[in-house]
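Visitor: I'm new to this one, so please pick a single part and give me a close look at it. Start with any term I'll need.

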Amino acid sequence: MHKSAFLVAALFLAPHAHSTELIQNGGFEADAVDTFEPSGWAIFESSATGAVSATSSAVSPASGYAMAEPVSGSYIGVIDAYSIGAYTLSQQFSTAAVTSAILSFDLFINDQTADGIAYIDRTGLDFSTEGEYRANQHVRIDLMSAGADPLDTGAGVLRTFYLGGANGRGFGDNPNGFVSYQFDLGSDLALGGDFTLRFAAVANVGAMQVGLDNVSLSVTAVPEPGTYALMLAGLGVVGAIARRRV
């Protein structure tokens, strides 16, 4: 057997890495209708209702403020802190051990306050700041342990991807456009487990809109031991054939 043919056979028998999408309805298109309960997602609203939605409208269903158009498709996910409170849009997922994991999403944040300053209080997502009502106005995006409280900003948070305010100073009828983000979660998910991806907003100064599109978490699982055993057995057969032909 020629050396080149042997290499081709070895590559053919090697385990193929296949990526798997872990986020359901990351483009918010599944319901094909405006909804306050987007498929695959869990919502939390600490005060006003209707703050979290999937919509095809160019204005927020909650506050009526203008928003950017979808990056793709017809719908986006929206957290509109139109009333004082804390709000989250999250999704739990499970994975086996992985060799790679890439999180990506498109995001805009509009802050309708006069100065657009992000206030990050030590109380995290507590809009009342322990009853003292200090300014607390920001957005955060986190990887969390499964089962963590929707407003947890302590031990339940495994990694934070965004902590701050608006991504630009567009507001009113001049909303900020979507910005694309991407993160390598290979080390975070290496051993597998149960997790939650959370998008959250807290506001007690003024209205603030968060828009999401194309939320994706693509992972490549560690091949099962049986896959390697099959590959080695196949290579043994190829080697035996090669020896016979020498």
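Guide: Here's the term first: a residue is partly exposed when its relative accessible area falls between the buried range, under 20%, and the exposed range, over 50%. Keep in mind too that what you're looking at is a predicted model. Elsewhere, shared partners join salt bridges into one network made of Asp-121, Glu-132 and Arg-134.

Let's go into that network. Side chains of opposite charge can pair when their charged atoms come close. Asp-121 and Arg-134 do this with a salt bridge of 2.8 Å, N to O. Both sit in the loop between strand 6 (98–111) and strand 7 (138–145), 13 residues apart, and the pair links distant parts of the chain. How covered are these two? Asp-121 has 11% relative accessibility, so it counts as buried, whereas Arg-134, at 23%, is partly exposed.

Another pair is Arg-140 with Asp-142, whose side chains meet in a salt bridge, again described by an N to O distance of 2.8 Å. Here Arg-140 counts as buried because its relative accessibility is 8%. Asp-142 is buried as well, with a relative accessible area of 0%. In total, the count for this model comes to six salt bridges.

The protein chain holds two helices and 11 strands. Of the 246 residues, 44% are buried. Among contacts with a separation of 6 or more, 75% are between residues 24 or more positions apart.

There's a nonpolar side to the picture too. In soluble globular proteins, nonpolar side chains tend to be buried together. In this model the largest nonpolar core has 40 residues, and Leu-189 and Leu-217 touch the most other members. Leaving aside neighbours within four places in sequence, Leu-217 contacts residues including Leu-22, Ile-23, Phe-93, Leu-103, Leu-185 and Leu-189. Apart from that core lies another one, of six residues, among them Met-67, Ile-76, Phe-108 and Phe-178.

One last stop is Tyr-87, in strand 5 (residues 85–95). Its relative accessible area is 0%, so Tyr-87 is buried. A polar atom of the Tyr-87 side chain lies 2.7 Å from the backbone oxygen of Ser-83. Beyond four places in sequence, Tyr-87 is in contact with residues including Phe-44, Ala-51, Ile-79 and Phe-199.

Terms used
Residues are numbered from 1 along each chain as its sequence is written. This is a predicted model: local features need pLDDT of at least 70, side-chain atom pairs count only at pLDDT 80 or more; totals for chains, interfaces and linings use all residues. Side-chain values use heavy atoms; hydrogens and water are left out. Helices (H or I, at least four residues) and strands (E, at least two) are DSSP runs, numbered from the N terminus. Buried means under 20% relative accessible area, exposed over 50%, partly exposed in between (1.4 Å probe, protein chains only). Contact means heavy atoms within 4.5 Å. A polar contact is a pair of N or O atoms within 3.5 Å; within protein, one must be able to donate a hydrogen and the other to accept it, and residues adjacent in sequence count only if both atoms are side-chain atoms. A salt bridge is a side-chain nitrogen of Lys or Arg within 4 Å of a carboxyl oxygen of Asp or Glu. A nonpolar core is a set of buried Ala, Val, Leu, Ile, Met, Phe, Trp, Tyr and Cys residues joined through side-chain atoms within 4.5 Å.
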